Amino acid sequence: MANRAREVQEVAAPAATRGWRAALVEMVLILSLYVVYSGSRMFASDALRPAQKRAAELLDIESALHLSWEGAINQLFTVSRGLSLFGSFWYATAHYVVTAIVLLWLYRRGAAVYGPARLALVISTIIALVAYLLLPTAPPRLFGGYADVLALTSGDGWWGGDASAPKGLGGLTNQLAAFPSLHAGWALWVALVLQRYAPDGRRGRWMRIGGWAHAFITGLVVIGTGNHWVADVLIGWLVIWTGFRITSSDRARQSLQRLAHHAGIRRGPHGRQARLEEAAVPRGDQPRVEDGDHATVGGRPDQPAGPLRE
């Protein structure tokens, strides 16, 4: 019995090391995606007049569909000091912090859960970046007739007058990268993954409620602060839905896995999942873990990977 315990410890130690290495690689990949996301927007055109014309076309479409709610929502945020501060802090913070926390939570759940969700987020972000490059669009605050709430409250936070960029760094962001809204899109991604993967019971129910509240509040905030049109929010949600649809397609998923394999970035399970699998099998008789397999913890399998609920 003592030999068995020692054997498990010897296997778990290198597995833990690999788990931390895998976590570090994931962190680098996510940070690289954010750098590309931020940097690539600077390659888009910064000509304001064509971007305003495109915004006017969006507004015409919204008016025809009775969706031009920006004026009323923006005015509500402008006249209320408390609401304007709340919206500014939310816009400048939640987009990054909440998404990062949910990514970390998914990562700890295991590769079968984390992989598809992360891939959907990456694909959706790439689609949005293409739109930023091809369709520079002026947000309401640069269109005329709408208040820039973050600029009005810049003295109360770390953001400057250039969207949510920190003070002094406004030149590093493209303010015409508004269509679609990734603030709204990433918030919907949070809601969808929590809806699919949150545990049963009271705690899971509150996680799901929190996810949908986050998506709704973010959609309201990005419009109320003058940073996005209603159409930006709707298309941002559509982009996230498209990312999930692509990752739920067997053919698309297999193609992406082959691409990752040829690129040399295919990896096995990570973190807690890797330690449990390796510790459960004596050395010299380790099974091969294929993509999509998941460990059984306490006799109960993890939730299966599959299309997220839309």
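This is a predicted model: local features need pLDDT of at least 70, side-chain atom pairs count only at pLDDT 80 or more; totals for chains, interfaces and linings use all residues.
**View 1. Crossing of helices α4 and α8.** Helix α4 spans residues 81-109 and helix α8 spans residues 201-224; their axes come within 10 Å and cross at roughly 140 degrees. The angle therefore makes α4 oblique to α8, and the crossing is left-handed. On the α4 side, the contact is made by Phe86, Gly87, Trp90, Tyr91, Ala94, Val98 and Trp105. The α8 side contributes Arg203, Met207, His214, Ile217, Thr218, Val221 and Val222. By class, the residues in the contact of α4 with α8 are ten nonpolar, three polar and one charged.

**View 2. Helix α9, residues 230-248.** The 19 residues of α9 reach 27 Å from the first C-alpha to the last, close to the 27 Å expected at 1.5 Å a residue.

**View 3. Cis peptide bond between Phe179 and Pro180.** Omega for this bond is about 0 degrees. Most peptide bonds are trans. Pro180 sits in the loop between α6 (149-152) and α7 (182-197).

**View 4. Positive phi at His66.** His66 is not a glycine, yet its phi is about 60 degrees. Most residues other than glycine have a negative phi. The loop between α2 (48-64) and α3 (70-79) holds His66. His66 counts as exposed because its relative accessibility is 66%, where exposed means over 50%.

Terms used
Residues are numbered from 1 along each chain as its sequence is written. Side-chain values use heavy atoms; hydrogens and water are left out. Axes are lines fitted to C-alpha atoms, for helices over the stretch in contact, and angles run from 0 to 180 degrees between N-to-C directions. Helices (H or I, at least four residues) and strands (E, at least two) are DSSP runs, numbered from the N terminus. Angles under 35 degrees count as roughly parallel, over 145 as roughly antiparallel, 65 to 115 as roughly perpendicular and the rest as oblique. A crossing is left-handed if the near helix is turned anticlockwise from the far one by less than a right angle, and right-handed if clockwise. Contact means heavy atoms within 4.5 Å. Ala, Val, Leu, Ile, Met, Phe, Trp, Tyr, Cys and Pro count as nonpolar, Asp, Glu, Lys and Arg as charged, and the others, Gly among them, as polar. The expected span of a helix is 1.5 Å times one less than its number of residues. Buried means under 20% relative accessible area, exposed over 50%, partly exposed in between (1.4 Å probe, protein chains only).
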